[in-house]
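Hello,

Here is the structure we talked about handing over. Please have a look, then read the notes below.

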Number of protein chains: 2
Amino acid sequence: MKLRIIVTLKNGVLDPQGKAIQHALGSLGFDGVSDVRAGKIFELEVADTTTDDQIDEMCRKLLANTVIENYRVEKA
Amino acid sequence: MKLRIIVTLKNGVLDPQGKAIQHALGSLGFDGVSDVRAGKIFELEVADTTTDDQIDEMCRKLLANTVIENYRVEKA
């Protein structure tokens, strides 16, 4: 089973990487970029028997820092 | 307009971060994870007048290294 786990910073958490990208886009002449947020994506190939609880545990224990990050699981 | 740009390593490009995560998941007792690939996701808020060509140019000039990475644009 293919999983796609998207980890993004929570609203309100400062995102210096996103801000740097936003400024760089402006410098390159791309106007009208009003916000950029940077995040991570993990594409996992797991056994078909993996339960939703196990996937959730993987995210909370390793893939995301739930203090400052949200995660979302998409099954493909 | 909200854009979501997903940048992933091309097939065949080594992904040490993904391999490290795969091993860490194994150490944590999650069996059956046969592959992990790590990538980046950028959530952009751009002007509604931004054309597809401009978006493509942003990706090629700044967001993705097209020698080793693929990118995909999703409009939300």
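**What was found**

B:E69 sits in strand 3 (residues 69–75) of chain B. Keep in mind that this is a predicted model.

Is B:E69 buried or exposed? B:E69 counts as buried because its relative accessible area is 11%, and the cut-off for buried is under 20%. Its side chain makes a polar contact with the side chain of B:K40, at 3.3 Å. Leaving out residues up to four places away in sequence, B:E69 touches B:V7, B:T8, B:L9, B:K10, B:K40, B:L63 and B:A64.

Next, the interface. Chain A and chain B bury about 2700 Å² between them. Carbon and sulfur atoms account for 66% of that area. Chain B brings 34 residues to the contact, and chain A brings 33. Which three residues supply more of chain B's buried area than any other three? They are B:F30, B:I41 and B:E43, with 20% of the area that chain B buries against chain A.

Last, the largest pocket. Its space comes to about 260 Å³. The lining has 13 residues, and A:T8, A:N11, A:R37, B:K2 and B:E43 are the closest to the pocket centre. Four elements are named as giving two or more residues to this lining: strand 1 (2–9) and strand 2 (33–46) of chain A, and strand 1 (2–9) and strand 2 (33–46) of chain B.

Best wishes

Conventions: Residues are numbered from 1 along each chain as its sequence is written. Chains are lettered from A and ligands numbered from 1 in the order in which they are written. This is a predicted model: local features need pLDDT of at least 70, side-chain atom pairs count only at pLDDT 80 or more; totals for chains, interfaces and linings use all residues. Side-chain values use heavy atoms; hydrogens and water are left out. On a 1 Å grid over the protein atoms alone, a cavity is a set of points where a 1.4 Å probe fits but cannot get out, and a pocket is an open set with protein on both sides within 12 Å along at least five of seven lines; lining residues have an atom within 4 Å of a point. Grid points are joined across faces, edges and corners, and a volume is the space filled by probe spheres set on the points. Buried means under 20% relative accessible area, exposed over 50%, partly exposed in between (1.4 Å probe, protein chains only). A polar contact is a pair of N or O atoms within 3.5 Å; within protein, one must be able to donate a hydrogen and the other to accept it, and residues adjacent in sequence count only if both atoms are side-chain atoms. Contact means heavy atoms within 4.5 Å. Buried area is the accessible area (1.4 Å probe) that two parts lose on being put together, summed over both.
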